[in-house]
Amino acid sequence: MAAASGSSALAQEGDAAPAAPAASGDLPHHHALSLIGEPKYGPDFKHFDWVNPDAPKGGAVRFATEGTFDSLNPFSIKGVPAGPVGMIYDSLMVGSPDEESTEYGLIAAWVSYPADYSWAKFGLRTEARFHDGTPITPEDVVFSLDALKKAHPMYARYYKNVVKAEKTGDHEVTFTFDIAGNRELPQILGQLTVFPKHFWEATGKNGEPRDLAKSTLEIPLGSGPYKIKTVDTGNRIVLERVKDYWAKDLPVRIGQYNFDELRFQYFRERTAAFEDFKAGRADFWRENTASAWSTQFNFDAIKKGWVKKEVIPTKGVARMQGFVFNTRRDKFKDPRVRQAFNYAFNFEDLNRSVLFGQYTRVASYFDNSELAAKGLPTGRELEILKEFEKDLPPEVFTTEWKNPVYATPEDTRKNLGMAMKLLNEAGWQIKPGSSVLVNAAGQPLKVEFLLGSDAFQRHVAFYVSNLRKIGVDATVRVVDDAQYEQRETNFDFDIIIDSFPQSNSPGNEQRDFWGSGAADQPGSRNTIGIKSPVIDALIEKLVLAPDREGVVAYTRALDRVLLWGHYVVPQWYNPYEWIATWDVFGHPATLPSLTSAFTQVWWIDPAKEQALAAHRK
């Protein structure tokens, strides 16, 4: 792995060329991988304990979905893909929604790797098939890695240390890495979606060569539990269960994907979609706003017991969600400006008046976990940060990072006063007779909040009122899904609302979130535009952390540096899923701990379906 430029503190660990792959028989064949402890289930397990192995198959589920789509290819930077298309594909291994950072073999029956993690070998199941009956081969796997890295820069960064994929047996693929010591590489290769080489190398129905890097509305060939049945571009997509799905009797798939059809109807805005659900034309609704959950679920079908509300607890790292600054723009390059915006955000009043007290404010990029930076740095974290001390704000070492709090009227005066002080120090002043901040060139501090839905409009308006009090000319613009996707992809915004989901074992994906190499790459997840040699170096050190202790220490250091960079105004999180369903479903008594897994483990209960139909006559 190449050293990050601009920081002498980045050690040249593991620069020696990796050893040539040994014969797989010399090493254990792992049925599962975990970056945190041992997998819960052994090689002979029959099924996961969060499924009903006897769940009935059948029925159709209707979804009312906000948004639109113009592509059936979710792996390209181009177009707006239909959300559910991912369910037509399988990967080498499959993650467990009940175990953090754990995967079990799917297309691959086993994986082996040496102690230095310089390569990984996967043994493919001979029964694995695409939907057209064609066997999945090592050639398909080799093609898939190459095609993915070419199709989207995110995958190129994610798999940048994988320098070779080759067939090393009739049913074996070996991946060679350009560096040793990256514990995550075998596991992220397990996430590799496998595409049919014969399909993508053929000519499409439009007479042109197919290309994974391009948007397409041609129905693709997959190998997963569902395939696409019908498509009405931008409006509707229907998936149907593959009755002879090759993996249906594997322990990793038993009791899962029980619905015969998944029907997704798209709406341009939430109100119309929700009305469709209330009228019984959609069966499932996941609510994301506290105000709606508290005030809009009192309609007739709920009072009659026909629609059920469920609050499902979920574990895991709380994602950082916040107002994201586009630091590519000059007005946001000074961290004091960004910090001032946080001082102007009155979360406490917003939580009381708009969010119905349902949320907790995010205070870390890895909140609700041992990875979050707390207090002052100590121990190994302090040692790591000391390497970069000359390039870091002194507060990293002297002051615990905390969000401003609006508990009293005095807090309001104090926080807005601090915001003004920071803006003045950064060169923004309010001239006599004006109410808007200007810089030395006389340019006003104008910011636009770009939204892709009206769901957050009230929240942003609440924030804008405080910003205007300190002289910021703030406005809100709501655009449709396609325009929002295009503007976010090309970083054409001042401020957006974005979130950065994390696992309990962060690693290679951090390059795409915060790495300099992703900052100017359209479509990357570095929407902020961070270019920091210190952060680049911390990411690479995290990727090569030799053990769990190292992962925790480097992640805490990364978290602390990100927080003191004031790159976002943190919002809030809720450790629950709010779900409403027409009462026709069953689900296991114990759901997986990380998600409700609705399409994965729920089913239609025939008795409930008949009872509801009788009630509604």
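Five strands form an open sheet in the order E19-E18-E20-E14-E21, and the pairing within it is mixed; strands here are DSSP runs of at least two residues (E) and helices runs of at least four (H or I), numbered from the N terminus, and two strands pair if DSSP finds at least two bridges between them. Strand E19 (473-478) and strand E21 (568-570) stand at the edges with a single partner strand each, so one side of each is left without a neighbour in the sheet. The twist averages 35° from one strand to the next, where angles run from 0 to 180 degrees between N-to-C directions and axes are lines fitted to C-alpha atoms, for helices over the stretch in contact.

This is a predicted model, in which local features need pLDDT of at least 70 and side-chain atom pairs count only at pLDDT 80 or more, while totals for chains, interfaces and linings use all residues. Residues are numbered from 1 along each chain as its sequence is written, and side-chain values use heavy atoms, with hydrogens and water left out.

Helix H13 (residues 457-469) lies across strand E14 (320-325), E18, E19, strand E20 (495-500) and E21, and runs at about 165° to E19. Strand pairings, from this sheet and from elsewhere in the chain, are listed below.

| Strands | Sense | Bridges | A bridge pair |
|---|---|---|---|
| E18 (residues 446-451) and E19 | parallel | 6 bridges | Val-447 with Ala-474 of E19 |
| E1 (residues 32-34) and E4 (residues 102-105) | antiparallel | 3 bridges | Ser-34 with Thr-102 of E4 |
| E3 (residues 93-95) and E4 | antiparallel | 3 bridges | Gly-95 with Glu-103 of E4 |

The hairpin of E3 and E4 has 6 residues between the strands, and in this hairpin Ser-101 takes a positive phi near 55°.

Helix H17 (residues 533-543) packs against helix H18 (residues 548-564) at an angle of about 160°, with the axes 9 Å apart; the two helices are therefore roughly antiparallel to each other, a term for angles over 145 degrees. The contact (heavy atoms within 4.5 Å) involves residues including Leu-538 and Ile-539 of H17 and Tyr-554 and Leu-558 of H18. The residues of this contact divide into 11 nonpolar, 1 polar and 1 charged, where Ala, Val, Leu, Ile, Met, Phe, Trp, Tyr, Cys and Pro count as nonpolar, Asp, Glu, Lys and Arg as charged, and the others, Gly among them, as polar.

As for confidence, pLDDT is the predictor's confidence in each residue, from 0 to 100. The mean for the protein is 94, and 96% of its residues reach 70 or more, whereas pLDDT stays under 50 over residues 1-19.

Notes: Parallel < 35°, antiparallel > 145°, perpendicular 65-115°, else oblique.
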